[in-house]
Amino acid sequence: MDVDLAGLLIRCFHGGNTWDRGHFERRVALRPRDIVEWRVRRLIGREAGYSAFRLSPRQRASFDAFMAHSRALGLF
């Protein structure tokens, strides 16, 4: 998928789908600097600010549209 379309991909980890949490965490931080950042953020409870989770303006717009549609349909 082109990077421009990455906003269309949404991952959801809920603890019961596909693999355990450890599997997800081993793949979320693969480079040494990412591993350090991820582990520090986990330690202080700030995983949401992890750099790999930051969205471009286009991705943010896609996510916001997804959330708006989901709320309108009564899914959230």
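At 46% relative accessibility, Arg31 counts as partly exposed. In this predicted model, Arg31 forms a salt bridge with Asp34, and the closest N and O atoms of the two are 2.8 Å apart. Asp34, by contrast, is buried, with a relative accessible area of 9%.

The structure holds 3 salt bridges in total. Another is formed by Glu37 and Arg41, whose closest N and O atoms are 3.0 Å apart. Both residues lie in helix 2, 4 residues apart, which corresponds to about one turn of the helix. Arg41 has a relative accessibility of 18% and so counts as buried.

The structure holds 3 aromatic pairs. In one of them, the ring centres of Trp38 and Tyr50 are 5.1 Å apart and the planes stand at 65°, so the pair is edge-to-face. This pair links distant parts of the chain: Trp38 belongs to helix 2 (residues 32–44), whereas Tyr50 sits 12 residues away in the loop between helix 2 and helix 3 (57–72). Trp38 and Tyr50 are both buried.

Trp38 also pairs with Phe53. The centres of these two rings are 5.8 Å apart and their planes are at 80°; this angle is over 60 degrees, so the arrangement is again edge-to-face. Because Trp38 lies in helix 2 and Phe53 in the loop between helix 2 and helix 3, the pair ties together parts that are 15 residues apart in sequence. Trp38 counts as buried, at 5% relative accessibility, while Phe53 is partly exposed, with a relative accessible area of 34%. Together, Trp38, Tyr50 and Phe53 form one aromatic cluster.

Ser70 is found in helix 3. With a relative accessible area of 5%, Ser70 is buried. When neighbours within four places in sequence are left aside, Ser70 is in contact with Leu75 and Phe76.

Definitions and conventions
Residues numbered from 1 in each chain as written. Predicted model: local features only at pLDDT ≥ 70, side-chain atom pairs only at ≥ 80, totals over all residues. Heavy atoms only, no water. Phe/Tyr/Trp six-rings, centres within 6.5 Å; stacked < 30°, edge-to-face > 60°. Helix = DSSP H or I, 4+ residues; strand = E, 2+ residues; numbered from the N terminus. Buried < 20%, exposed > 50% of the residue type's maximum accessible area, 1.4 Å probe, protein only. Contact = heavy atoms within 4.5 Å. Salt bridge = Lys/Arg side-chain N within 4 Å of Asp/Glu carboxyl O.
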